[in-house]
Amino acid sequence: MEETPEDTQVVERVAALDIGKAEVVCCVRLPHPNGSARRVQEVRTVSTMTRSLTGLGDWLAGLGVTRVVVEATSDYWKPPYYLLEAAGFEVWLVNARDVKHLPGRPKTDKLDAVWLCKVAERGMVRPSFVPPAQIRELRDLTRYRVDLVGERNREKNRVEKLLEDAQIKLSVVASDIFGVSGRAMLDALVAGQRDPQALAQLARTRMRTKLPELREAFTGRFSDHHAFLLARMLAHVDTLNADIAAVEARIEALINPFAQVAVARLDEIPGIGATTAHAIIAEIGLDMTRFPTAAHLASWAKFAPGVKQSAGKNKGNGSTGHGNRYLARALGEAAVGAARTSTFLGERYRRLARRRGKKKALVAVGRSILTIIWHLLSDDQTTFTDLGPTHYDNRAGTQRVIRNHIRGLNALGYHVTLETAA
C-alpha cells in the first residue's frame, strides 16, 4: 500500500454560491454548536446588487467562513468574486462541469448551492485559475484588442465584397487593397473619380509595374450607391484603427511598470513579438507557482493530448480539447511564425509536419513555446538559448541511426562515409 497525497480534511466553515443574473443563493455549512459530528447549514438568497453582496460578505465574516466557493456562470460570477476577494475571503472559482446536476434529485438553485457546499467542504473540487487584478485589467485590454482587430477584418471583407458587386477587381491585382496605393484609390472612388486611367496612376512604388492590370481592374460599374457605402465602411475602418492604437497605447502603459522585463524575455523566443507577449502574459500571468510544472501549464491550456483509457485500451483520438481560445490564438500565431524560421522550433515543426500533418505540428510547437515560457517566467536567471535547426541531427540516437544506415549501404557495395552522407 502507498500513501496518497490527497488532503481529506473537511473545511470547517465553508460557503458556496449558486449565481444567477439577479440573485445569488448562498449555502453555509458549519460545525455543530454542541460539538457533534453532524454539520449545520443555512441557505440564503440575496440580490446581486453591490449593497446586498456587501451585506452577504459581512454575514459570512460574522460566521467565521474561511472559504467561499463560486460556480462559474457566464460573467455573473465576477461581481461576487471580486467583492468577496476584496473582503479578505479565500474565494474559489470552480468549473460548473465539475459540480453538474446529478440524476435522481430535483434541480433547484437551493439544492445546487447545498450540493456545491457539500462537495467543497470535502475538498472534491479544484479552483480555476483567476489572475490578480493587475493581470485581469491587462487581459481585458488584450482581449478587446483581439475583438477590435477581428471587427476591422470583417469590415475590410465587406469592402472587398462591395467592390466585387461594382465589378471593381482591385483585390485581384493588389495583395492588400488597404495598403498605401489601394487606400488612395478607394478614397478617390469615394471622391467621385471613375476614370480607370486616373485611378491606376495613384499606384505607388512596386504597384506601378501593374498599371495595365489596374486599368482593367477599375473598368466596372461603380455608382454613387457604392460610393456612399464605401465611405461609411472606410470611416468605420479608420475608427477601428484609432481604437486599436489607443488600446495598444494603454496596454503599453499598463504593462511597463511590472512586466517590461518579462515581455523582453519572451520576445527572444522565435515567433513571439511584443503584441503576442502581451497576450500571453495577460492569459497566464507572471506567477508560475500556480502551475507546478510546465506540463501542468500545457494541460491547463489544453496543449496536451487527452488520455482516455478503458479495459486496458486507449480510447478517442488523443485530442487536446478546447481551452483558453485567446491563449490558443496567441500560441498558434507564434507557432506559425516560428515555423518559418531556421531555428529549433522551425525544424521541429517541419519534422512533425512531414509525419503528422501541419495542424498537429503547430499544436506541438505551441506546446514547446509554452514550455519555454514557463521556464523563463519561473526563474529570472533562466535565459533562452536556441538549440538550432541541427539539434535533432546532432543527437546521439540520430547519429547512431545514420551510422547504421551507412554500414548497410556499404554492405550493398556503395562507398559512403559520414562526411559524404552529410
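**Close-up 1. Arg 367 sits in helix H14.** This is a predicted model, in which local features need pLDDT of at least 70 and side-chain atom pairs count only at pLDDT 80 or more, while totals for chains, interfaces and linings use all residues. Residues are numbered from 1 along each chain as its sequence is written, and side-chain values use heavy atoms, with hydrogens and water left out. Helices (DSSP H or I, at least four residues) and strands (E, at least two) are numbered from the N terminus. Arg 367 counts as partly exposed, because its relative accessibility is 29% (buried is under 20% relative accessible area, exposed over 50%, partly exposed in between, with a 1.4 Å probe and protein chains only). Leaving aside neighbours within four places in sequence, Arg 367 is in contact with Ala 295, Ala 298, Phe 303, Ala 304 and Pro 305 (contact means heavy atoms within 4.5 Å).

Close-up 2. Two or more lining residues come from each of helix H12 (325-339), helix H13 (344-356) and helix H14 (358-378), and H14 gives the most, with 12.

**Close-up 3. Five strands form an open sheet in the order S3-S2-S1-S4-S5, with mixed pairing.** Strand S3 (39-47) and strand S5 (90-94) are the edges, each pairing on one side only. From one strand to the next, the twist averages 20 degrees (axes are lines fitted to C-alpha atoms, for helices over the stretch in contact, and angles run from 0 to 180 degrees between N-to-C directions). Helix H1 (residues 50-62) packs on the sheet, touching S1, S2, S3 and S4, and its direction makes about 5 degrees with that of S2. H2 packs on the sheet too, touching S1, S2, S4 and S5, at about 160 degrees to the direction of S5.

**Close-up 4. Val 14 has a bridge partner in S2, Arg 29, and another in S4, Arg 67.** S1 (residues 14-19) and S2 (residues 23-31) are antiparallel over six bridges, whereas S1 and S4 run parallel, joined by four (strands pair if DSSP finds at least two bridges between them). S4 also runs parallel to S5, with five bridges, and Val 68 is partnered there by Val 91. Five of the five residues of S4 are buried: Arg 67, Val 69 and Glu 71 point one way, Val 68 and Val 70 the other.

**Close-up 5. Ser 74 has a positive phi, near 50 degrees.** Ser 74 belongs to the loop between strand S4 (67-71) and helix H2 (78-86), and it is exposed, with a relative accessible area of 54%.
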